[in-house]
Amino acid sequence: MGRSPAPRSGTGADFAGDFRPGPGPAPGPTPALSGTDAAPAWAGAALRVLPEAPEQTLAEFNQPEAAARLAKLLTDLGVSATSATLVGGGRRQYFVHRVTVPAAVFFETSQRLTSAWRQGRHFLLRTDPVGASSPHNARRETLARRAWQAASLAAGRQRRGGIFGVRLADQEMAAVLVRGARLLGGTASIRSRPGCLQVSVTSVSSDAALLEIATPPLRAAS
């Protein structure tokens, strides 16, 4: 699903736009689902920086829309980011969609993304009860929607009949999607597949709930 130091498909890059980094994790207990204070794959990217390169690869994706979206979000945050498509292979060509940032801001940018991911994940998975009309509940629903949109954008959706799912390599993102489906009025399951995890929507409480989860993936503004 992409190459190191890239975020694995569906790591919730949109958390960086909808849950901006703050001084620390969102309040609330760490839920049992989390296990560890996990971070997305780019958190280890700093260990593989090329010191002489003017630009550093921050992420690589299989889908061009995902790279364009991340570059747009970073630009909106004041980071000069660009996306480009690379072609590899011989007869069997493959495409890698890469997001790069200036080397001078690579460490800071990767840390901001990691912080945003951790805060969004903590906030979405927290299990303390909140009222249906609470701003915290609305924020969680927004994060749940963004998580499904980001996963669909980066990984592509697999549809079978009226139910659909995504394939990804990240267990933490899979847990986020299961929780997100529940918050939006549905249920989802995780199944192991060769080389990936399949997260599938298994039921919804209403057509409106399915629409919430199946909202078309976010696109970069032209």
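Tutor: A charge is said to sit over a ring if NZ of Lys or CZ of Arg is within 6 Å of the ring centre and within 35 degrees of the ring normal. The charged end of Arg-139 sits over the ring of Phe-123 in this way, 5.4 Å from its centre. The model is a predicted one, in which local features need pLDDT of at least 70 and side-chain atom pairs count only at pLDDT 80 or more, while totals for chains, interfaces and linings use all residues. Residues are numbered from 1 along each chain as its sequence is written, and side-chain values use heavy atoms, with hydrogens and water left out.

Let us turn to pairs of opposite charge. Side chains of opposite charge can pair when their charged atoms come close. The term salt bridge is used here for a side-chain nitrogen of Lys or Arg within 4 Å of a carboxyl oxygen of Asp or Glu. The count by this rule is three salt bridges.

One of them joins the side chains of Arg-98 and Glu-60, at 2.6 Å from N to O. Because Arg-98 belongs to strand 3 (residues 94–102) and Glu-60 to strand 1 (residues 55–61), this pair ties together parts that are 38 residues apart in sequence. Helices (H or I, at least four residues) and strands (E, at least two) are DSSP runs, numbered from the N terminus. Glu-60 is buried at 5% relative accessibility, whereas Arg-98 is partly exposed, with a relative accessible area of 26%. Buried means under 20% relative accessible area and exposed over 50%, with partly exposed in between (1.4 Å probe, protein chains only).

Another salt bridge links Arg-121 with Glu-172, whose closest N and O atoms are 2.7 Å apart. This pair also links distant parts of the chain, since Arg-121 is in helix 3 (residues 106–125) and Glu-172 in helix 5 (residues 171–183), 51 residues apart. Both partners are buried: Arg-121 has a relative accessible area of 1%, and Glu-172 one of 18%.

The side chains of Asp-76 and Lys-72 likewise meet in a salt bridge, at 2.8 Å from N to O. These two residues are four apart in helix 2 (residues 64–76), so about one helical turn separates them. Asp-76 is partly exposed at 47% relative accessibility, and Lys-72 is partly exposed at 27%.

Rings of Phe, Tyr and Trp (its six-membered ring) pair if their centres lie within 6.5 Å; planes under 30 degrees apart count as stacked, over 60 as edge-to-face and the rest as tilted. The whole structure holds one aromatic pair. Phe-106 and Phe-107 make up this edge-to-face pair, with 5.9 Å from centre to centre and 75 degrees between the planes. Phe-106 is buried, at 2% relative accessibility, whereas Phe-107 is partly exposed, at 44%.

Finally, there are polar contacts to consider. A polar contact is a pair of N or O atoms within 3.5 Å; within protein, one must be able to donate a hydrogen and the other to accept it, and residues adjacent in sequence count only if both atoms are side-chain atoms. Gln-198, in strand 7 (residues 196–204), is buried, with a relative accessible area of 7%. Its side chain makes polar contacts with the side chain of Arg-167 at 2.8 Å and with that of Ser-200 at 3.5 Å.
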